[in-house]
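Trainee: Could you take a close look at the place where the two chains meet, and then follow it into the parts of each chain around it?

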Amino acid sequence: MDTEIFQADVSDETDDSESSPEKESKNAVLTKDLSVYFNNRAGIDKISLKVKKNTVTAIIGPSGCGKSTFLRSLNLMHDLVPKARVFGEIFIHNENITDFSAVDIRKKVGMVFQKPNPFPTMSIYDNVVAGLKLNAHHKRSELDEIVEKNLKYSGLWEEVKDRLKTPAVSLSGGQQQRLCIARTIAVKPEIILMDEPSSALDPMSTSKIEELIYYFKEYYTIIIVTHNMQQAARVSDQTAFFYLGKLIEYSKTRRMFTNPKEKLTEEYVTGKFG
Amino acid sequence: MTSASIIKNPSNLRSRKIINSVMLTMCILAAVITIIPLLYIFFYTTQSGISSLNVDFFTQLPKPVGEEGGGMANAIVGSAILIGIGALIGIPVGILSGIYISEYSKTFVSTIVKFITDVLSGVPSIIVGIFAYGVIVIPMQRFSALAGGFALGILMIPTITKITEEMLKLVPQSLREASLALGVSRWKTTLKIVLKTASSGIVTGVLLAIARAAGETAPLLFTSFGNSFWQTSLDEPMAALPLQIFVYAISPYDDWHRQAWAGAFVLIFLVFVVNLLVRIVTRNKFSGNL
Ligand SMILES: Nc1ncnc2c1ncn2[C@@H]1O[C@H](COP(=O)(O)OP(=O)(O)OP(=O)(O)O)[C@@H](O)[C@H]1O
Ligand SMILES: [Mg+2]
């Protein structure tokens with residue numbers, strides 16, 4: 001029953017601009033009744049959500065409501081958790097992900113994690129090109145170029161250009177996170193999932209990342225989990241509000257923060273709980 | 001609650017201090033008890049061994065009974081070959097089963113492998129020697145370096161498996177996720193990220209297993225058997241340092257006793273060098289994160 005409401009909500013969202021045949025091709029992510037169970041407890045419960053190409057979607061909600069769980073199901077990270085079981089359907093660019101290998105999906109759907117996780121055995125340089133090098137052989141000159149370009153994108157180049165060969169773990173937390181962003185975009189994904197990417201960053205790097213997101217929109221589809229309402233309001237086109245594993249509301253960000261449909265949403269975005 | 005009352009109550013604080021110093025003394029005592037035999041063995045062997053050590057020891061073959069001099073050159077080379085064969089068997093099998101247990105730990109098979117490894121690590125080394133005798137010596141109908149190396153390899157497996165498993169489990173899950181999220185396949189992630197991150201710990205384990213195997217005598221008694229001549233083909237009996245030490249030590253000749261001491265010293269020195277190597281390896285600039 002709930003599901004129908006959300007479906008209606010979502011189509012409502014897309015209806016204002018597109019005609020239907022075109023609409024189909026513009027879906028980057030579509031989930032139908034997506035549920036994830038951990039030992040028979042639902043982490044998320046029947047989430048149906050549609051994300052258009054080249055947009056930024058923010059996911060907000062109190063701690064433990066299933067934001068990370070939802071995000072991680074889109075790049076099949078739950079495969080690693082033996083007690084996690086995923087139900088429902090996920091379409092990436094209108095193709096059912098069950099038709100592809102996990103590796104192919106993850107090449108298309110990159111992820112930046114909540115905690116920076118650079119590879120400790122690798123230098124800054126090698127971290128940026130880790131995905132490329134592990135997957136195929138590349139020419140040295142090519143790699144040099146990729147490293148510089150991606151570190152510039154992630155706003156880290158100026159700080160590290162003189163010590164690219166030093167261990168990545170010698171960087172500060174915020175720098176490590178920007179390194180992880182560089183590493184993610186270096187493999188050229190089509191969709192980028194970000195799980196509270198700036199929770200470890202200072203305001204300067206946070207705003208850098210927000211700028212990045214704004215600029216990235218032209219090339220990628222971005223889904224970002226954030227605890228920061230201002231950030232959600234600043235960077236996203238549409239916002240999804242999760243509560244206790246359910247999708248409560250999903251609308252245009254402007255609307256979400258000015259005139260939400262649900263009372264729960266209003267209470268959350270105005271800081272009455274959460 | 002309790003911590004607050006402890007701070008407020010001076011007698012409680014005093015008793016805490018007493019308990020603290022008693023425990024500390026006991027810890028120091030235990031440490032000393034551990035170290036004394038170790039130092040004793042080390043110094044006594046060095047003292048007795050180093051005086052008998054000369055160039056001949058490393059270059060000459062054992063002399064026939066009654067003749068003075070000679071050395072253990074063949075036993076040193078033999079030990080190296082036996083350990084080489086053992087490592088060739090023990091390292092890949094040990095590391096691969098360690099990976100299997102750690103990375104695919106939810107399967108029935110891995111539980112079995114884990115159990116067998118634990119049992120194997122408790123099996124006396126002479127039993128492993130008998131096993132090698134049964135599966136290699138009897139079918140080949142002669143003692144051989146191959147059988148000795150096989151026995152040493154089997155002995156290395158549980159140590160290497162265990163340490164690989166433990167080191168891999170120390171690698172944070174977030175690194176596996178980071179790699180997989182880049183579209184890197186599972187086996188490449190295991191090999192190039194997980195194993196590499198844990199490599200210094202695993203190298204430590206491997207070196208320690210090799211050092212252990214280098215000193216094993218019992219499993220060689222009826223596999224490699226020993227040899228007083230130059231012998232490098234793998235299907236013939238081969239000399240080994242611990243075997244030679246054993247034979248010389250139980251002999252009635254003073255000169256052989258001295259050589260046994262020298263052999264013991266060389267063995268201990270090798271173990272010492274291996275441990276030093278372990279230190280150096282683990283101080284690599286890209287590791288030390290675990
Ligand atoms: N590996 C796991 N094992 C068991 N339960 C899990 C696991 N991961 C998540 N959960 C459960 O699923 C629910 C949703 O967790 P999730 O991490 O998605 O929350 P979140 O919205 O990302 O929270 P936060 O804002 O704190 O990151 C929680 O109740 C959590 O306990
Ligand atoms: Mg989370």
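**The contact of chain A and chain B**

Mentor: Across the interface of chain B and chain A, the rule finds one salt bridge. The model is predicted, so read every value below as computed from a predicted model. The two partners in that salt bridge are A:Arg72 and B:Glu177, whose side chains meet at 2.9 Å, N to O. Side chains of opposite charge can pair when their charged atoms come close.

On chain B, two helices each supply at least two residues of the side that touches chain A: helix H8, residues 173–181, and helix H9, residues 186–197. H8(B) gives the most to this side, with eight residues. By class, the residues on the side of chain B that touches chain A are eight nonpolar, seven polar and six charged.

Next, the extent of the contact. Chain B puts 21 residues into it, and chain A puts in 30 residues. The size of an interface is often given as the accessible area lost when the parts come together. Chain B and chain A bury about 2,200 Å² between them, and 67% of that is on carbon and sulfur atoms.

Helix H8 of chain B also takes part in a salt bridge within its own chain. The side chains of B:Glu103 and B:Arg176 meet in a salt bridge at 2.8 Å, N to O. This pair links distant parts of the chain, with B:Glu103 in helix H4 (residues 73–103) of chain B and B:Arg176 in helix H8 of chain B, 73 residues apart. Over all chains, the structure holds 21 salt bridges.

Chain B can be compared with itself at another boundary. Its domain assignment gives domain 1 (13–50) and domain 2 (55–289). The centres of these two domains of chain B, taken over C-alpha atoms, are separated by 30 Å. Eight residues of domain 1 of chain B are in contact with six residues of domain 2 of chain B. Between them the buried area is about 630 Å², of which carbon and sulfur atoms give 89%. Three residues, B:Phe42, B:Thr45 and B:Gly49, supply 59% of the area that domain 1 of chain B buries against domain 2 of chain B, more than any other three residues. The salt bridge count between domain 1 of chain B and domain 2 of chain B is zero, and the rule also finds zero residue pairs in polar contact there, with both at pLDDT 80 or more. The side of domain 1 of chain B that touches domain 2 of chain B has four nonpolar, four polar and no charged residues.

Chain A contains a sheet. Four strands form an open sheet in the order E2-E1-E4-E5 (chain A), with antiparallel pairing. E2 and strand E5 (95–96) of chain A are at the edges with a single partner strand each, so one side of each has no neighbour in the sheet. Strand E1 (residues 27–38) and strand E2 (residues 41–52) of chain A pair in the antiparallel sense over eight bridges, and A:Val36 stands opposite A:Ile44 in E2(A). In the hairpin of E1(A) and E2(A), two residues lie between the strands, and A:Asn39 takes a positive phi near 45°. Strand E4 (residues 84–92) of chain A is joined to E5(A) by two bridges, also antiparallel; the bridge partner of A:Ile92 in E5(A) is A:Glu95.

Technical notes:
Residues numbered from 1 in each chain as written. Chains lettered and ligands numbered in written order. Predicted model: local features only at pLDDT ≥ 70, side-chain atom pairs only at ≥ 80, totals over all residues. Heavy atoms only, no water. Contact = heavy atoms within 4.5 Å. Buried area = accessible area lost by both parts, 1.4 Å probe. Salt bridge = Lys/Arg side-chain N within 4 Å of Asp/Glu carboxyl O. Nonpolar A, V, L, I, M, F, W, Y, C, P; charged D, E, K, R; others polar. Pairing = 2+ DSSP bridges. Domains from an automatic or database assignment. Polar contact = N/O pair within 3.5 Å; in protein donor to acceptor, adjacent residues only side chain to side chain.
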